[in-house]
Amino acid sequence: MLILKFLQTLIKALNSDGTPGQVGAGMALGLCLGLTPIGSLHNLVVLAIAMLTTVSFPGFMLGWAVAVPVGFALDPVFDRVGMSLLLNDRLAPFFTWVVNTPVVAWSRLNNSIVIGSLVCWLVVVIPAAFVFKALVAKYREHVFARLEQMKVFQAIKASKLYQAYEMFRP
């Protein structure tokens, strides 16, 4: 059942009314929630950005869902990156400020996996947005065009149930 729900979210995100750029940007922002530990302050900021901008929210959720298993698999890499940052003498005053500032301390940037995964996400967010944009455009051009020509797809779109769904769709 969970796999069907994921496929439904995937199809909804890829075929949403947003442009490929909006879907790609949403997926790139969703990577942050999937790659970084969820209970961090920066995730609230990223969530607010996703909700207040014109990025595709289904794309955001798709990016999050895809990145969660990747994030768990890359935790050892994030730990090494984070430890190298935390043990850097030049960054020691910054991390001292982070730990001693009341609201900023909630960011958990003194945790090696949090800082490592955040830095890695910041490095890949812009290239990921462009890659996702290109992939969504190719999907819509090639795969979805073929799906629309299938008899099953046309039968579903011609059904009364689908027409009722379209009537109430926002």
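**Helix α2 and its neighbour**

I began with how α2 passes α3, and I noted a left-handed crossing, a crossing being left-handed if the near helix is turned anticlockwise from the far one by less than a right angle, and right-handed if clockwise. Before going further I wrote down that this is a predicted model, in which local features need pLDDT of at least 70 and side-chain atom pairs count only at pLDDT 80 or more, while totals for chains, interfaces and linings use all residues. I also noted that residues are numbered from 1 along each chain as its sequence is written, and that side-chain values use heavy atoms, with hydrogens and water left out.

Helices here are DSSP runs of H or I with at least four residues, strands are runs of E with at least two, and both are numbered from the N terminus. For the geometry of the pair, I found that the axes of α2 and α3 (residues 41–52) come within 10 Å and cross at roughly 155°; the axes are lines fitted to C-alpha atoms, for helices over the stretch in contact, and the angles run from 0 to 180 degrees between N-to-C directions. That makes α2 roughly antiparallel to α3, since angles under 35 degrees count as roughly parallel, over 145 as roughly antiparallel, 65 to 115 as roughly perpendicular and the rest as oblique.

I then listed the residues that meet, with contact taken as heavy atoms within 4.5 Å: L29, C32 and L33 from α2 against H42, N43, V46, I49 and A50 from α3. The residues of this contact divide into 6 nonpolar, 2 polar and no charged, where Ala, Val, Leu, Ile, Met, Phe, Trp, Tyr, Cys and Pro count as nonpolar, Asp, Glu, Lys and Arg as charged, and the others, Gly among them, as polar.

For burial I used under 20% relative accessible area as buried, over 50% as exposed and in between as partly exposed, with a 1.4 Å probe and protein chains only. By that count α2 is mostly covered, with 12 of its 16 residues buried, including V23, M27 and L31.

**Single residues**

I looked at G34 in α2, which is buried at a relative accessible area of 9% and touches W64, A67, V68 and G71, not counting residues up to four places away in sequence. G34 and W121 are 87 residues apart in sequence, yet their C-alpha atoms are 9.8 Å apart in space.

In α3 I looked up H42, which counts as buried at 12% relative accessibility; leaving aside neighbours within four places in sequence, H42 is in contact with C32, T36, S107, V114 and L118.

R108 sits in the loop between α6 (92–100) and α7 (112–149), is partly exposed at 30% relative accessible area, and has a positive phi of about 60° although it is not a glycine.

**Whole chain**

Finally I recorded that the protein chain has 9 helices and 0 strands, and that buried residues make up 30% of its 170 residues.
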